[in-house]
Amino acid sequence: MGKIVVCDHPLIQHKLTYIRDENTKTKDFRQLVDEVAMLMAYEITRDLPLEHVEVKTPVAIADGKVISGRMLGLIPILRAGLGMVDGILKLHPTAKVGHVGLYRDPETLQPVEYYVKLPTDVQQRELIVIDPMLATGGSANAAIKLLKERGCASIKLMCLIAAPEGIQAVQEAHPDVDVYVAAIDDHLNDHGYIIPGLGDAGDRLFGTK
C-alpha cells in the first residue's frame, strides 16, 4: 500500500491557514500556494537517489553528491494544478511538465477528460501528479490511470488538502502510489467539497469565483 505523508512543517501549516482564509485575495492566495508547493517539494523528493561525484573547489578536490537516476516530470491536473507547478520548478528547474485536463461533472461527480499533453520521455521520469484538492479522488485516479495506460510506472500524488474519502479512493485504485498532502480534512459534503477545505482552488487561484 502506498504511503500517506502529511507535510506538517510549521511553515507549511502557517501558510496553509492563510490559504484557507476566505479573506485572502487572489494575489496572496496564488503566492501562498506557490510557496507551499515549493516547501512540499522538499518532502516529496526526499528519496531521490544520489550518486557521488568529485568537483574541484578553488583549493582542493571535494567529494559531492548529485541527483541520479530518473529525472522529474510534473503533471498538473488542469486547471488548479497549474498553481503549484512554479513552486516546484524553482527547486527542480530541469523537470518537464505535462498537462492533464479533467473536469468534474456536477451531476455525477465523475471526471471527464478533455486534454492530455505529456513529455515524449514521460515513461522514463519520476512523475508527480499535482492537484490542490483531493476530494472524491475521481480526478486523481483518472489522471494516474491514463499515465499508467501510457507506460508510466513511477508516480506520486501531491495535494494541498485531502478528504479521507479521496485518500481511500486513491489507495484502493492505485495502491502503488504515495500521496503527499499538507492536511487531511474532516469529510466531503453532499456536493463533493472538502470540509472545511478552502473552497474552489481554481476559482481562487485565477480570480474566477
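The largest cavity in this predicted model holds about 40 Å³ of space, and the structure has one cavity of 30 Å³ or more. Here a cavity is a set of points, on a 1 Å grid over the protein atoms alone, where a 1.4 Å probe fits but cannot get out; points are joined across faces, edges and corners, and a volume is the space filled by probe spheres set on them. Lining residues are those with an atom within 4 Å of a point. For the largest cavity these are Ile-44, Leu-48, Leu-72, Glu-126, Leu-127, Ile-128, Ser-154 and Lys-156. Strand β8 (residues 126-130) supplies the largest share, three residues. By class, the lining comes out as five nonpolar, one polar and two charged residues, with Ala, Val, Leu, Ile, Met, Phe, Trp, Tyr, Cys and Pro taken as nonpolar, Asp, Glu, Lys and Arg as charged, and the others, Gly among them, as polar.

A quick word on the ground rules: residues are numbered from 1 along each chain as its sequence is written. As the model is predicted, local features need pLDDT of at least 70 and side-chain atom pairs count only at pLDDT 80 or more, while totals for chains, interfaces and linings use all residues, and side-chain values use heavy atoms, with hydrogens and water left out.

Next comes the largest pocket, with about 670 Å³ of space. In all, the pocket lining divides into 19 nonpolar, nine polar and four charged residues.

Then there is the helix packing. Helix α1 (residues 10-20) and α2 pack at about 155°, with axes 9 Å apart; axes are lines fitted to C-alpha atoms, for helices over the stretch in contact, and angles run from 0 to 180 degrees between N-to-C directions. That makes α1 roughly antiparallel to α2 (over 145 degrees). Leu-11, Ile-12, Lys-15, Leu-16, Tyr-18 and Ile-19 of α1 meet Phe-29, Leu-32, Val-33, Glu-35, Val-36, Leu-39 and Met-40 of α2, contact meaning heavy atoms within 4.5 Å. These residues split into eleven nonpolar, no polar and two charged.

Helix α2 (residues 26-44) also packs with helix α3 (residues 82-91), their axes coming within 7 Å and crossing at roughly 50°. That makes α2 oblique to α3, oblique being whatever is left once angles under 35 degrees (roughly parallel), over 145 (roughly antiparallel) and 65 to 115 (roughly perpendicular) are set aside. Among the contact residues are Val-33, Ala-37 and Tyr-42 of α2, along with Met-84, Ile-88 and Leu-91 of α3. The residues of this contact divide into eight nonpolar, two polar and three charged.

Finally, two cis peptide bonds deserve a mention. One joins Leu-78 and Arg-79, with omega about 0°, and Arg-79 lies in the loop between β4 and α3. Another runs from Ile-195 to Pro-196, with omega near 5°; Pro-196 is in the loop between β13 (194-195) and α6.

How values were computed: Helices (H or I, at least four residues) and strands (E, at least two) are DSSP runs, numbered from the N terminus. On a 1 Å grid over the protein atoms alone, a cavity is a set of points where a 1.4 Å probe fits but cannot get out, and a pocket is an open set with protein on both sides within 12 Å along at least five of seven lines; lining residues have an atom within 4 Å of a point.
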